[in-house]
Amino acid sequence: MEQKKISKAVLKRLPGYLAYLKNMPEGSSPNISATALANALDMGEVQVRKDLAMVSDGGRPKIGYQREALIDDIEQFLGYDNTTDAVLIGAGKLGQALMGYKGFDEYGLNILAAFDVAPKIKKTEEGKPVYNITELPKFCRTHKVLMGIITVPAEGAQSVADQLIAGGIKAIWNFAPTHLDVPANILVQNENMATSLAVLSVHLQAQIKEEKEVKK
């Protein structure tokens, strides 16, 4: 189907739909409706219906979507059927853990190499090379890399982002707890662990308070 402009909010929901569809029990119906998907994920039916219409034209009245076809449509829309090469900067514990995560293959992400200011290893356990960060811009240009993953401390993140941009990258997955100043054409996705923890903590405290009120 024709590629449509889609919001970040929808993009964040699509992997959730995909994960549910791919992990449905063996023997499940080959078809699924937006209503059933919304109920399973505790979401609004109208929202799910709109989201699916953005990525697939396979929905049929009273039948819903053919599940395997819908999986293919979502994967194609998200680019999971095309491999995206990336580089990772910051070969510490978090960086090495990401380098070793085999699940990225399923999402079409291939981390070519890691870079660090003072590499302690030449290769990861998976055999991926680890280079000095001075080689980063040239490596990105030579291999036409368009995505960079930043796992360095906050104080070094902006410098790394600048080097990535100098190397021609167009997207940054940022794990450093800091704001990055980048040109308007560079997409930055921040993974702020402090924010996520705060949301979980507040939710947990509310749950505990609610349970205490019920017991009174």
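**Close-up views of a predicted model**

View 1. At 8% relative accessibility, T124 counts as buried (buried means under 20% relative accessible area, exposed over 50% and partly exposed in between, with a 1.4 Å probe and protein chains only). What you see here is a predicted model, where local features need pLDDT of at least 70, side-chain atom pairs count only at pLDDT 80 or more, and totals for chains, interfaces and linings use all residues. Residues are numbered from 1 along each chain as its sequence is written, and side-chain values use heavy atoms, with hydrogens and water left out. To find T124, look in the loop between β4 and β5 (130-132); helices (H or I, at least four residues) and strands (E, at least two) are DSSP runs, numbered from the N terminus. Leaving aside neighbours within four places in sequence, T124 is in contact with M99 and V130, contact meaning heavy atoms within 4.5 Å.

**View 2. Y101, F104, W173 and F175 form one aromatic cluster.** Six aromatic pairs turn up in a search of the whole structure. Rings of Phe, Tyr and Trp (its six-membered ring) pair if their centres lie within 6.5 Å; planes under 30 degrees apart count as stacked, over 60 as edge-to-face and the rest as tilted. How far apart are the ring centres of Y101 and F104? They are 4.9 Å apart, and the planes stand at 90°, so this pair is edge-to-face. Y101 is partly exposed, with a relative accessible area of 44%, whereas F104 is buried at 10%. F104 also pairs with W173: the ring centres are 5.9 Å apart and the planes at 70°, so this pair is edge-to-face. Distant parts of the chain are linked by the pair, with F104 in the loop between α5 (93-99) and β4 (109-116) and W173 in strand β7 (residues 171-174), 69 residues apart.

**View 3. The buried side of helix α3.** Helix α3 (residues 45-55) has V48, D51, L52 and V55 buried. Seen down the axis of α3, these buried residues fall within an arc of 95°, so they line one face of the helix; the arc is that of the directions from the helix axis to the C-beta atoms. Their packing partners are α1 (8-22), α2 (34-40), β2 (65-66) and α4 (67-78). On the face turned away from the buried side, you will find the exposed residues V46 and K50.

**View 4. E45 in helix α3.** Is E45 buried or partly exposed? At 34% relative accessibility, E45 counts as partly exposed. Not counting residues up to four places away in sequence, E45 touches T35 and A38. The side chain of E45 also makes a polar contact with the side chain of R49 (2.4 Å). A polar contact is a pair of N or O atoms within 3.5 Å; within protein, one must be able to donate a hydrogen and the other to accept it, and residues adjacent in sequence count only if both atoms are side-chain atoms.

**View 5. Helix α8, hardly covered.** Among the 23 residues of α8, the count of buried residues is zero. Among the elements of the protein chain, helix α8 (residues 193-215) has the lowest mean pLDDT (80), pLDDT being the predictor's confidence in each residue, from 0 to 100.
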